[in-house]
Amino acid sequence: MLTGIFYEKYAVIHDTFKIEREPSMDASFVWPHKDLLDVTQLSREEIEYLLEKAASLHEMHSRPIKKMPVMTGKNVVLFFSENSTRTRTSFDVASKRLSADTFSLTASGSSMEKGESLKDTTLTLQAMSPDIIVVRHPSSGAAQFLADRLHCSIVNAGDGWHAHPTQALLDAFTLRSLWGTDFAGKTLLIIGDAAHSRVFRSDVHLFTKLGVHVRLCSPRSLLPAGIDNWPVEVFTDLKDAVRDVDAIVSLRLQQERMKAGLLPDLREYASRYCLTLDHLKLAKPSAMAMHPGPILRGLDVSAELADSCKSFIFNQVASGVSIRMAVLSTLAARIDALRKGE
């Protein structure tokens, strides 16, 4: 009854707003994946489906009522055993805008801080009967570990150096506003600490699936092992790498994950790899700069560029909420379909 009243009231206030404008798919389509662990599991069509669904939800952020009953009654657990601001907050906002109930579990102040194993934490989570668990963990493979042991859906919000699928999806969704729906033939430059970056790995997998040519510019000490087998063009000189590219992603320098000696001089690194407005002049006129955050101003990106009209960095934050709404609502629809026996 309450849901019916909500729909009726919403329709009166916003009669032109559609609660759910599904991307074009067969009516019998059921999302095939229980979990979202890595973009490698997604086909190009599935990536485009999520991007289109995010586009249908994005307009809601400017509405007076930023809530829809898509996930009423669903429980989403935010299991973050690694620090996060943007990702955790955007998943929380996305869940609440879909009317889900959210519960947070962090390492600080929990039994994990006392030495509880991931297996026992998993059993604790299972006892809460969640519908979806969003997990961030410093160990690569942690999300897969949960997915193999729990019946609920798992969304990987970053595991070690391995993967960050929703970051790659939101990067693509952000560039969709610049490039439209056809990514083929575009050139994306990624700059910085690729060796320790799950964002780099997920971006490469996703953008190459969409037909984008990817360049990487990094010191040789920060190149991932086996980079010769990756579908990327490698540069060490930023001025050469940035020429005629369509967009640029600067990565955070992850000093907490580095071994001593990889970067003996941060000033030299900044002088060679900090992205500035002068670098943007060498790219295509429409090119924009992005960064997954948090930004290390003067080290990853200059403050002048970060605050300029050539920056998409804060657009990415809004895109993150839309993409995470798309992912959560898609998994929720799958749960409902399976419960109905479809």
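Which residues in α3 meet which residues in α12? In this predicted model, local features need pLDDT of at least 70 and side-chain atom pairs count only at pLDDT 80 or more, while totals for chains, interfaces and linings use all residues. Residues are numbered from 1 along each chain as its sequence is written, and side-chain values use heavy atoms, with hydrogens and water left out.

From α3, the residues Arg-86, Thr-87, Ser-90, Phe-91, Val-93, Ala-94, Ser-95 and Arg-97 meet Gly-320, Val-321, Arg-324, Met-325 and Leu-328 in α12, where contact means heavy atoms within 4.5 Å. By class, the residues of this contact of α3 with α12 divide into six nonpolar, four polar and three charged (Ala, Val, Leu, Ile, Met, Phe, Trp, Tyr, Cys and Pro count as nonpolar, Asp, Glu, Lys and Arg as charged, and the others, Gly among them, as polar). The axes of α3 (residues 86-97) and α12 (residues 313-339) come within 8 Å and cross at roughly 55°; axes are lines fitted to C-alpha atoms, for helices over the stretch in contact, with angles running from 0 to 180 degrees between N-to-C directions. Helices are DSSP runs of H or I, at least four residues, numbered from the N terminus.

Helix α4 (residues 118-127) and helix α5 (residues 142-149) pack at an angle of about 50°, with their axes 10 Å apart, which makes α4 oblique to α5. The contact is made by Leu-118, Lys-119, Thr-122, Leu-125 and Gln-126 of α4 together with Ala-142, Phe-145, Leu-146 and Arg-149 of α5.

Turning to the cysteines, Cys-217 counts as buried at 0% relative accessibility (buried means under 20% relative accessible area, with a 1.4 Å probe and protein chains only), and Cys-274 is buried with a relative accessible area of 6%.

How values were computed. Helices (H or I, at least four residues) and strands (E, at least two) are DSSP runs, numbered from the N terminus. Buried means under 20% relative accessible area, exposed over 50%, partly exposed in between (1.4 Å probe, protein chains only). Angles under 35 degrees count as roughly parallel, over 145 as roughly antiparallel, 65 to 115 as roughly perpendicular and the rest as oblique.
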